[in-house]
Amino acid sequence: MAEQLTADDWIKQGLKALAIDGFTALKADPLAKAMGVSRGSFYWHFADLGAFHAVLLKRWREIAAEQIIADVETDSDEPLKALLRRTFGARLELERAVRNWAAFDAAAQSAVRAIDRRRLDYIEELLRKRGFEAATARARAQILYWTFLGFALSGPLSPAARLEGLLDEILRMVSA
């Protein structure tokens, strides 16, 4: 008998399926099949598909914003530079998948708006700490975030050497 699955196992599988196959893969049957269990296990942990989706979106917000911010704050003397390297160097399939889901689902759209606001506020805070006035920090944070979104939605990563040069240039532009 296989070990009993936890809600976290389902969430991990859901995030994986979302990143690979998109939001249409977020159903009990295909997830259960991929995990080699019955869908009864799914319903043991989640009242319904909507509850599962809500938990997935909450976890995405945690890993795509809060965890990154916490890591940047604890691991770096230059948080803006560390944030750029971390976010522009990441695999962004999940980011693209959630944003695509948001085009079709109000809860996903709400999660995207919340994470966008959180990220923008954080970038603005970093720029203010670098000495920029509020209006300038807000404008540059928005430009920097739009740059990230364009990058995130444009597909595969650039070669490492090229990406490094681009990140240095972005940092110079934002800090000028």
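## Helix 4 against helix 6

Helix 4 passes helix 6 in a left-handed crossing, a crossing being left-handed if the near helix is turned anticlockwise from the far one by less than a right angle, and right-handed if clockwise. The contact is made by His53, Leu57, Trp60 and Ile63 of helix 4 together with Leu94, Glu95, Val98 and Trp101 of helix 6, where contact means heavy atoms within 4.5 Å. By class, this contact has six nonpolar, one polar and one charged residues (Ala, Val, Leu, Ile, Met, Phe, Trp, Tyr, Cys and Pro count as nonpolar, Asp, Glu, Lys and Arg as charged, and the others, Gly among them, as polar).

The model is predicted, so local features need pLDDT of at least 70 and side-chain atom pairs count only at pLDDT 80 or more, whereas totals for chains, interfaces and linings use all residues. Residues are numbered from 1 along each chain as its sequence is written, and side-chain values use heavy atoms, with hydrogens and water left out.

Helix 4 (residues 49-75) and helix 6 (residues 93-102) pack at an angle of about 135 degrees, with their axes 12 Å apart; helices (H or I, at least four residues) are DSSP runs, numbered from the N terminus, and axes are lines fitted to C-alpha atoms over the stretch in contact, with angles running from 0 to 180 degrees between N-to-C directions. Helix 4 and helix 6 are therefore oblique to each other, since angles under 35 degrees count as roughly parallel, over 145 as roughly antiparallel, 65 to 115 as roughly perpendicular and the rest as oblique.

## The nonpolar cores

Of the 28 residues in the largest nonpolar core, Trp10, Leu18, Phe52, Trp60 and Val98 touch the most other members; such a core is a set of buried Ala, Val, Leu, Ile, Met, Phe, Trp, Tyr and Cys residues joined through side-chain atoms within 4.5 Å. Helix 1 (7-21), helix 2 (28-35), helix 4, helix 6 and helix 7 each supply at least two residues of this core, and the largest share, six residues, comes from helix 4. Apart from it lies another core, of 27 residues, among them Val72, Leu83, Tyr122 and Leu126.

Val112 lies in helix 7 (residues 106-129) and is buried, with a relative accessible area of 8% (buried means under 20%, exposed over 50%, partly exposed in between, with a 1.4 Å probe and protein chains only). Leaving aside neighbours within four places in sequence, Val112 is in contact with Trp60, Val98, Arg99 and Ala102.

Ala103, by contrast, lies in the loop between helix 6 and helix 7 and is exposed, with a relative accessible area of 60%.
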